[in-house]
Amino acid sequence: MQAHFDYGFVSADSHVTEPPDCYARFIDPAFRDRAPYIRHDEKRGDLYVIPGQDNMMVPMGLVAAAGEESSQMTFNGRDFDDWHRSGWDASHRLNDQARDGVAAEVLFATVGMQLCGHADLDYRRACMEAYNRWLHEYCSHAPDRLFGAGQAAVNNANDAVEEIRSIKEMGFKAVLMSGQPGEEDYDHPSYDRLWAEAVELELPLCFHILTNRSYAGHRGPKINGLLNVVRSCQDVLGMLIFSGVFDRFPDLKVVCVESDAGWAPHYAYRMDHIYKRHRFWNKAQELAKLPSEYFFENIWLTFQDDWTAFKVREHLNVERLMWANDFPHSDSTWPLSKELLSEHAADLSETERRKILRDNCVELFGLEAPEQPAALS
């Protein structure tokens, strides 16, 4: 059994790849001599260097590995010229969208995800403001198909309010949040002014994998560390729910980006169990509803080829699931998304398919996206 589609998908999580001049060209002049830049290493290839922390370098290998055979992927040994051009040159983007059956995309940063962990908070904000200026220019080439998520450094609650106001004014549809704010954590009462502003501006707040420096390590083989990326997002969601953020701001919309969704039914059950069984000796805050109710109402989940999410959809809120192709990163389903989805989504009803592959994203972010992909040129 195969599913068939007469509409273009809308990816809730795709990426740009910042070009060499992205930050230096747009950053506040006071930080220009320290702007992130690309340098070539004879052994590792081109590296995106983020001054201020020696270990914050982004190799070119995996950030644009979409379409490669898994056996050919490499962390090092690639140059900027190996990147998909459409990641940084918008004039090439629509062709790559059409090749994958995609009509529009919500776009997140690449190098910017590493910047979320920078210890110099003023520098972090300057870099993200520079990125937002570059992203605004990039999206302007196809405003009905390229929808940006502006970055917020979140040094503190007051700064974050200023940032998301600017992001809204620039026409962006969402906010890519730093996984860890600079002052306090997201359960601190001071951040209520941020949640209130996000509701007022109707801006979904997005927590993406790899934006939380607390989960950089691993135990055992290196590959085991890749499992931590989902955990970092789960921690943020649990913190918001258990600290009563959604009690106080029931219209707040939060997106858990690129963390899959098949795990969510058990996670929601586990939160309820902990709350019912263990909240008294933990002196936990009393909530108006069970944790799972907030989870399935206020939190949207994005995934690429998580076919388990389709299998357990009756234990999820189908209206909070959003497909993404993650182009041009190494986890991307591009250019085979249509082929994979025709198999993975075959058991869904037509209504469920369209919601997950298109309509949920369009509705959440308020997109005016075309029904069909652009024609291949």
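A cavity here is a set of grid points where a 1.4 Å probe fits but cannot get out. The model discussed below is predicted.

Q: How many cavities of 30 Å³ or more does the structure hold, and how much space lies in the largest cavity?
A: The largest cavity holds about 40 Å³ of space. Counting cavities of 30 Å³ or more, the structure has 3.

Q: Which elements each supply at least two residues of the lining of the largest cavity?
A: The lining consists of Phe295, Phe296, Ile299, Leu301, Leu316, Asn317, Arg320 and Leu321. By class, these residues divide into 6 nonpolar, 1 polar and 1 charged. The elements that each supply at least two of the lining residues are α10 (291-298) and β10 (299-303).

Q: Is the crossing of α7 and α10 left-handed or right-handed?
A: Helix α7 covers residues 228-242, and its axis lies 10 Å from that of α10. The two helices pack at an angle of about 115°. Their crossing is right-handed.

Q: Which element gives the most to the lining of the second largest pocket?
A: This pocket holds about 220 Å³ of space. Of its 14 lining residues, Lys168, Glu202, Leu203, Lys253 and Leu364 are the closest to the centre. Two elements give two or more residues to the lining, α6 (192-201) and α13 (350-365). With 3 residues, the element that gives the most is α13.

Q: How many charged residues are in the lining of the second largest pocket?
A: Lys and Glu count as charged, and Lys168, Glu202 and Lys253 are among the residues closest to the centre of the pocket. By class, the lining has 7 nonpolar residues and 1 polar residue, and the number of charged residues is 6.

Q: Why is one side of β2 and of β4 left without a neighbour in the sheet?
A: The sheet is open and antiparallel, with 3 strands in the order β2-β3-β4. Direction ignored, its neighbouring strands are turned by 35° against each other on average. One side of β2 (37-41) and of β4 (57-59) has no neighbour because each stands at an edge, with a single partner strand.

Q: Which residue of β3 stands opposite Arg39?
A: Strand β2 runs antiparallel to β3 (residues 45-49), and 5 bridges join the two. Opposite Arg39, the residue in β3 is Leu47.

Q: Where are the prolines of the two cis peptide bonds, Phe327 to Pro328 and Trp334 to Pro335, found?
A: Most peptide bonds are trans. The bond that joins Phe327 and Pro328 is cis, with omega about 0°. The bond between Trp334 and Pro335 is also cis, again with omega about 0°. Pro328 is found in the loop between β11 (321-323) and α12 (337-344), and Pro335 is found in the loop between β11 and α12.

Q: What is the phi of Leu210?
A: Most residues other than glycine have a negative phi. Leu210 lies in the loop between β8 (205-208) and α7. Although Leu210 is not a glycine, its phi is positive, at about 70°.

Definitions and conventions. Residues numbered from 1 in each chain as written. Predicted model: local features only at pLDDT ≥ 70, side-chain atom pairs only at ≥ 80, totals over all residues. Heavy atoms only, no water. 1 Å grid on protein atoms, 1.4 Å probe; cavity = no way out; pocket = protein on both sides within 12 Å on 5 of 7 lines; lining within 4 Å. Points joined across faces, edges and corners; volume = space filled by probe spheres on them. Helix = DSSP H or I, 4+ residues; strand = E, 2+ residues; numbered from the N terminus. Axes fitted to C-alpha atoms, helices over the stretch in contact; angles between N-to-C directions. Left-handed = near helix turned anticlockwise from the far one by under 90°. Pairing = 2+ DSSP bridges.
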